Each structure stands twice: as C-alpha cells, then as structure tokens.
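Q: I would like to learn how to read a few features of a protein model. Could we take them one at a time?

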Amino acid sequence: MHKQSSMLTPQVIRDGLRYIFSGGFSLNDGHLPPPNRAVPEDFFGVGVASNPDPATDAYIIHQLRSLGILQVRLDLSYGDTTNYQGRFCEALLDAGFAVTLRLIPPFESAKNMHLTIEQTSWKVFVDGVIERFGSRIRQIEIGNTINRKRWAGYNWPGFFIAWNIAYKAIKIHNITLLGANIQDFEPLYNISLLKTLHEKNQLPDVQTNNLFVERVSEPERFDHRVLKYHWAKIFKFNLVKKARLLAKIGQDFDVLQTSSTGAFWATYRIERSLMHGAQKQADYLTRYFTLLAASGALKQAFWGTLLCHREGLIGDGLQDADYPALERIAHYQNADGMLINYKPLPSFYAMQTVANKLSGAQYFGFLASGAGLEIHRFLQHGQQLHVAWTINGRAVPLQEIYTKASLSTASYTHRDGNDFDQNTPDLLSEEPIYISWPKDFDVVTVAKPHITQLSTTKPLAIDVHQPDSIYFTCTQPGWQGVVLAKNQTELEQMMTVLNPENLIAPEKPQSLRHARNAIWAMPHPTDINRQITVKKPVKMYWHKTLLDRYRPSKARRSWNGAMQLSRRGIATARPIAFFEREHDKTLKHNFYICEYVQADCHIGQIFNAFSAGETEFMGVTQEQVYAQLTRFIVKMHGRGCYFRDLSGGNILVNINADTLQFTLIDTARARFSDYGVPMHQRLADLTRACHKLNWLGRERFLGHYFGSIGRSLTWYYKLPFYLYDAKVWLKRRVGRKGINKLMQKIKNTQR
C-alpha cells in the first residue's frame, strides 16, 4: 500500500531554511511598495463557474462585461469538457475572454497518482482539454492548493508525477503554464517546489500562489501567523512584503513572473468580529488589489469566485449550510443557486471601480503606507489619482493631509464608483476613496511631504458604514470635533443648538449626574420626540491634568469607544457629536453628545435584587438574566472589546417579556483589539459587573459565562473577584471615598 506522506517534509523544511539563511529573504523596506511601476492592463481577474442552466452562462458573461474584466479562471476536472463547464468555456472564448484553465484531478485520483491507472486517466484528461480548447486558452494552471492535502489529495511524489505528465502535454503546444497554486503565504513550499522543478528542468512560466490575507484582520496588517504577533511587527510581513518575497523567490529560481490566481474574504469570517460584512468585504477588496497593484510584484491577481453568497462578487441567495464540502478556493466546481436569486454585492461594484481605475495605471509611489494610513499615487486616464484609506476603525480629517487649495480642486469618487456631489468627504476612513486632480496640478500636503502615520495623541474612530449618516468635521472657530448627520441641512440645524460655545453644564439638581463629569439631557436638535445626553468634565484632579495632558480628551475617548462598540455590533448609546477646545490645558472644555437611552433599569439594580433574595426582577428569572447577559458579554469579549468599566450602572437594560436588551454607556475607558479579549481582561470586566451580586448568584452567572467559552469556574478564576471586593472595601473606607465620608460625619457631628 502506498503511504500518504506529509506535504511538509524534511526536504521542504531543509530547502526553505537553507534559502532563508543564505539571505534569500533579504529585501530592504520590503513592506513598502517601490515607486515607478506599471500596473498591467490585464492585472485584474476573477474565478468563474457555471451550472446546467445555459442562461447562467449569458448572465455571467453580461456581468463580467459590466465589471470590465476580461481575465477569468475556470476550474475543469474529469468529465467537465463534455458538461456545462465545457459549454461555458466555449461561450467565454467565443465572447473574447482570456481564459485561464485550472486542471484538477478528483481527490482520490490525486491521492493515488502513483498508480498507473490514475496516471493514464490524468493524461487522457489533460490531452482532451488541450485537444478541445487548444491555442484559444490563455494559460493553464496545474495545482490546486497542493499544500492543503485535505483539499487537494496530493502528496509530493504524486504531484510531481501529475506535473510531469501535464508539463509535457502543455509545453508541446506552447501554452503558458502556471503553477503550482500554493495556498496562503507559506514560502517553504514555494522554495522547495521551484528548486525541485528547476532541477527537473520543468519550471512553470508563471509561479502561482493564492496570496490570501483573510487570516489577518485586514489587508494592511502584519501577518501574525508568520512569526506570531511580536516578530511579525519586527519583520513587517504585510501583504506587500509577502507579494514581493514570493516574486523574489520565483525570480531566484528563474521564474520571472508571479500571479495570485485566487483570494477573497468570506463575509461570515468578517462578521465574527464586525458588522456590515458585505461592506467590509468591498473595503478589503479595494484595499487588497490596490496594495498588490502598488507592490509591482504580480503579473495578475484574481478574486476567487464571482458567484457565491459568502465570498463572491455576486450573491447566489443561499445560506452557509448550502456551501459545498470542499472549499471553492480548492475547486470552484459550479455556480450554485438559482438565476432569479443572483444579485451583485457591494464587492462587485468595488471590483468594477478598482479595475477601471488601476488597470494599466502607472504607480508613482505612496504618500503614506505601512503605519495605519495608506495613500497611493497613480497616473491614469491623464489624471493624478490617489487611492486613500485608513486601517479599520480609524479616521483622519482630509484637511490634516492636503491643503485647502488641493482639496478644493480635487474630484472624489466613492469606493463603488459613485462621484461625490454635494457632500464631499471631510474624513478619510477605512472605506477607500479615489481622489483625482489634473495631470499637471501641484498637489500639496500639509506640514510634511510624506505623511507616515495616523495621530497617536488624537486618534479618531468612526463606524463608517452606518446607514444614512455622514461625518462632518467641526468648523466652529477654536474648536475641533465631529458631528454625525444625515446631510448638510441637518448638520446646520444641529449646530444651531449644539454650538459648543453655547453649551453650558447645568447645576447639580438639574443634572443626571454631577461629580467629576456633568451629564444632562436635552431635546434632540431635529426631533422633538427624542432626547440627547451631553457629558462634560467639570472636575479634574491635578495629577490627572498632568498625566492626561497628551491623551485624547474625555469627549474624544467617549466618542471613540462608542464608535468601536458600534462597529462590532455591541449596543451603546448612539454617538451624535463631540467637541474639544483647541489648546485646552484644563482638559475640561470638551463635550460628548449621544442619544439618550430610555432604560427600564441597569444590571446593578437587578443584581442587588437577586442578592437581597428576590428570585425574579420585573418578571424575568435569575437564570434568564444570567444566560442573556452571558451571551452579551461573551459577544463583546469575542469581538475584541475590553470595556474596563463594566460596572452594573453602565449596563442599561430594557425588558420585553422575558427578553433583555443590554446597552453600554460610559465608553471612555474601553480598549479594543482585532482579536478576542484575553482571559485576564475578561476577568477584570466580570469582577466589576458582578460586584453587586452575592456569591451564590455569581457562581450561577459565571457558570454560564465560563461554560459558554469551554472552561470551568475554578478557584483560580474566582480569586480576582475576592481581590476586587477587597479593593472596593478599602477604597470606600480608606481611600478618597472613605475620607469624604469621614469628613461628612465630622460635619454632621459639629451640627
């Protein structure tokens, strides 16, 4: 019996490490795109497939023409030359598309390629494809995620047998040969494969790699899965560097061109941590292709699938349960669903726009790259074109990047191809925009000729995909901030009421709260049936004035926290505006404004009732509260939110029958990451949330929480709760609150 060996063999490891330690990965500033490169006219492509309905062929061809993309990749396996895939391939060729065929043996055939019968079947298949389609085919790719054995079925000996058979058949007909379709950035495989094929004198014309970045949180991030978080930042393995290194590996083994023949972001993965999955997919697509175009490393780059509900440019109307067992990146076998349910997604229009803007463009270089802000300069259609965006959850005023003269002369195009008419953007965000000027216009930036990174002292977060909302920067002299409004008219109405010069904190009796901060309610500026909440610092301890001098204002921190929660789908009071006085050394002249939340109670009141012996609160049982609060906090932590002030009073509750809706307030201390919150931070949040709950209730609630994340409530996890209780006890009796109580007792005694 033939033994299935691992793909990561000792030989692969030796070849890879020998190449790396001999300096093969030496690439100065490899994470930055080099200037003065041409983007190929045929750079953009997409994977396609059809189904038994001939009308699907016509639909796909029509949509491809709408995209403006003529380069397609089609997967063929045994029997496909005589079924709908063969029919579709003929239709594509007749319509003038440049077709890349990826030839795929069935899993069991690839697994048993050492057998003569499987070798014969493979040769008959390859010869049959060439006989039918011949020189009309643009290129043929051999290999389908071969380093994913559970998908492709290959081992190394079997793959080299298949390659040898295909190589001889394809090269006789002078067809361009691509391969071997390595999945993700795993360069040890590329190195060893090309070394072996070089020795066999069977190199591909173009090296192919599915240059995925889905495994990182967004296209620009350093890839933590290369050498974990710390080393990834040191060695700067971002998308640009990975593309350039793969191209260098190919060139070092005499393969002069590299292509990525499949990559995508699946919406279901995005939605594990963020809202608006389809919009984020479109953002990532634009950012991904722009970075690859700027890198100058690739001959072509393909989006993985045209038709698919979770990774395609066109939705098929299906659900995740309908997704095939084999990943489409390994074999895009057919277009699922019914034609009547097909619908272009935001990523379709993003692809249409980026292909139109960048195909054949000249890349001049970047204004900013690799540090949270990306601005890449192209020359296209006789115009200067800047493609610009920030990393997720951040924003920067455009006036902090370009001069007013440059901004007033520019034309602005949305990620999806729509021109901005009246409401030109004030802020640059994670949603890319295209900014263009006449070819000879002198574009001037503010302060620095090359901007390097976003502000760390005044970070700004926004939830850019909120529907029917536009972010406007504050134009009030002496103030800065952001206002969220539907349009310019509503902005003007709001500013007549919310002008920060006229906002005055009421006295304590008229406030919702009045201690270190004054918090009060007032009518909504544009809707008399709603209220808003305003928060302003009124007391700042001297040490805080010193320590917080270079931190964002309280208002900005509250705004940022609420926006980050909103981006992640965690309920909070909807932000409306924040304002901060420029050069304010007192740190007290700032306002945070949000929607007023009508709540039935807060979680502290519920926990107090349960600790007093109540078994229900407003008709809701203890178990219902514990289970639903667990789901809310687990979701919050799983989406990278460490709230840091998760006290009972900051978790508002609305009760509808036996269903609880939770809303977080007081968001200034929250911290956020792109990954789940570590356990010590989860415990820090939970100790605050549970403080008013007795230990019997705590154990029941924490049993729900730890059970939902697959852990048990051990003594080790209980210890922080005892320590927090002790800390609060000391703070109240000995600390500032204790001293205040003592002084009050003395005053009462003197009376």
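A: We can start with accessibility; note that this model is predicted. A residue counts as exposed when its relative accessible area is over 50%. Gln 319 has a value of 53%, so Gln 319 is exposed. Gln 319 sits in the loop between strand E11 (312-315) and strand E12 (343-344).

Q: How far apart are Gln 319 and Tyr 705 in sequence and in space?
A: They are 386 residues apart in sequence, and their C-alpha atoms are 29 Å apart in space.

Q: At what angle do the axes of helix H20 and helix H21 cross?
A: The axes of H20 (residues 679-689) and H21 (residues 695-708) cross at roughly 155° and come within 13 Å. An angle over 145 degrees counts as roughly antiparallel, and therefore H20 and H21 are roughly antiparallel to each other. The crossing of H20 past H21 is right-handed.

Q: Which residues make the contact?
A: H20 contributes Met 679, Arg 682, Leu 683 and Leu 686, while H21 contributes Phe 701, Leu 702, Tyr 705 and Phe 706. Sorted by class, the contact has 7 nonpolar residues, no polar ones and 1 charged one.

Q: How many aromatic pairs does the structure hold?
A: It holds 38 aromatic pairs. Planes under 30 degrees apart count as stacked, and planes over 60 as edge-to-face. The ring planes of Trp 695 and Tyr 722 are at 25° and the ring centres are 4.7 Å apart, so this pair is stacked. The pair links distant parts of the chain, with Trp 695 in helix H21 and Tyr 722 in helix H22 (residues 715-733), 27 residues apart. For Trp 715 and Tyr 716 the planes are at 85° and the centres 6.0 Å apart, so that pair is edge-to-face. Trp 715 and Tyr 716 are both exposed.

Q: What about the backbone: where is there a cis peptide bond?
A: Look at omega, which is about 5° for the cis bond joining Gly 179 and Ala 180. Ala 180 belongs to strand E6 (residues 176-183).

Conventions: Residues are numbered from 1 along each chain as its sequence is written. This is a predicted model: local features need pLDDT of at least 70, side-chain atom pairs count only at pLDDT 80 or more; totals for chains, interfaces and linings use all residues. Side-chain values use heavy atoms; hydrogens and water are left out. Helices (H or I, at least four residues) and strands (E, at least two) are DSSP runs, numbered from the N terminus. Buried means under 20% relative accessible area, exposed over 50%, partly exposed in between (1.4 Å probe, protein chains only). Axes are lines fitted to C-alpha atoms, for helices over the stretch in contact, and angles run from 0 to 180 degrees between N-to-C directions. Angles under 35 degrees count as roughly parallel, over 145 as roughly antiparallel, 65 to 115 as roughly perpendicular and the rest as oblique. A crossing is left-handed if the near helix is turned anticlockwise from the far one by less than a right angle, and right-handed if clockwise. Contact means heavy atoms within 4.5 Å. Ala, Val, Leu, Ile, Met, Phe, Trp, Tyr, Cys and Pro count as nonpolar, Asp, Glu, Lys and Arg as charged, and the others, Gly among them, as polar. Rings of Phe, Tyr and Trp (its six-membered ring) pair if their centres lie within 6.5 Å; planes under 30 degrees apart count as stacked, over 60 as edge-to-face and the rest as tilted.
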